[in-house]
Amino acid sequence: QVQLQESGPGLVKPSQTLSLTCSVSGASITDTYYAWTWIRQPPGKGLEWMGVITYSGTTYYSPSLKNRASISRDTSKTQFSLHLNSVTPEDTAVYYCARVNQGGNDVWGQGIQVTVSS
């Protein structure tokens with residue numbers, strides 16, 4: 001059974017960098033059938049795709065994040081991470097990691113609430 005679990009701080013100060021890790025169990029993040037993504041949902045708003053890292057380590061990001069985001073991975077730990085710099089209160093959201101196959105996001109983490117506040 002594939003499981004994803006987000007971890008990281010629940011509170012980040014404005015202008016700092018938000019760093020979250022997604023730990024994957026039951027699957028390899030180098031499996032060529034899948035990619036791995038980060039999605040967030042601000043309060044009262046819809047889901048927002050942030051970026052993805054492929055099985056080969058190639059990354060793609062949402063232009064709306066204006067080059068503030070980066071996704072990295074640690075294949076030895078079966079983890080991938082999101083780093084979002086220069087955060088503002090508008091980055092307050094529930095952050096999700098998910099696995100992507102040809103049909104879409106098929107496995108999700110439970111989500112982690114991150115609040116940006118001084």
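How many residues line the largest pocket, and which lie nearest its centre?

Analyst: This is a predicted model. The lining of the largest pocket has 13 residues. Nearest the centre are R40, P42, K45, E90 and D91. The pocket has a volume of about 170 Å³. By residue class, its lining splits into six charged, four nonpolar and three polar.

Next, the strands. Strand 4 covers residues 35–41 and strand 5 covers residues 48–53. The two run antiparallel, paired over five bridges.

The hairpin has five residues between the strands, and G57 takes a positive phi near 95 degrees.

A further set of pairings involves strand 8, residues 79–84. Strand 3, residues 18–25, pairs with strand 8 in the antiparallel sense over six bridges. T21 has S81 as its partner there. Strand 7, residues 69–74, is also antiparallel to strand 8, again over six bridges. Its D74 is bridged to Q79 of strand 8. Strands 7 and 8 form a hairpin with four residues between them. In that turn, T78 has a positive phi of about 55 degrees.

Now the rings. A pair of aromatic rings is described by the distance of the centres and the angle of the planes. The whole structure holds five aromatic pairs. One of them joins Y34 and W36, with centres 6.5 Å apart. Their planes meet at 55 degrees, so this pair is tilted. In the pair of W36 and F80, the centres are 5.9 Å apart and the planes are at 50 degrees, so that pair is tilted too. The W36–F80 pair links distant parts of the chain. W36 sits in strand 4 and F80 in strand 8, 44 residues apart.

Both W36 and F80 are buried. Buried means under 20% relative accessible area. W36 has 1% relative accessibility, so W36 counts as buried.

Y33, Y34, W36, W38 and F80 make up one aromatic cluster.

Note on methods. Residues numbered from 1 in each chain as written. Predicted model: local features only at pLDDT ≥ 70, side-chain atom pairs only at ≥ 80, totals over all residues. Heavy atoms only, no water. 1 Å grid on protein atoms, 1.4 Å probe; cavity = no way out; pocket = protein on both sides within 12 Å on 5 of 7 lines; lining within 4 Å. Points joined across faces, edges and corners; volume = space filled by probe spheres on them. Nonpolar A, V, L, I, M, F, W, Y, C, P; charged D, E, K, R; others polar. Pairing = 2+ DSSP bridges. Phe/Tyr/Trp six-rings, centres within 6.5 Å; stacked < 30°, edge-to-face > 60°. Buried < 20%, exposed > 50% of the residue type's maximum accessible area, 1.4 Å probe, protein only.
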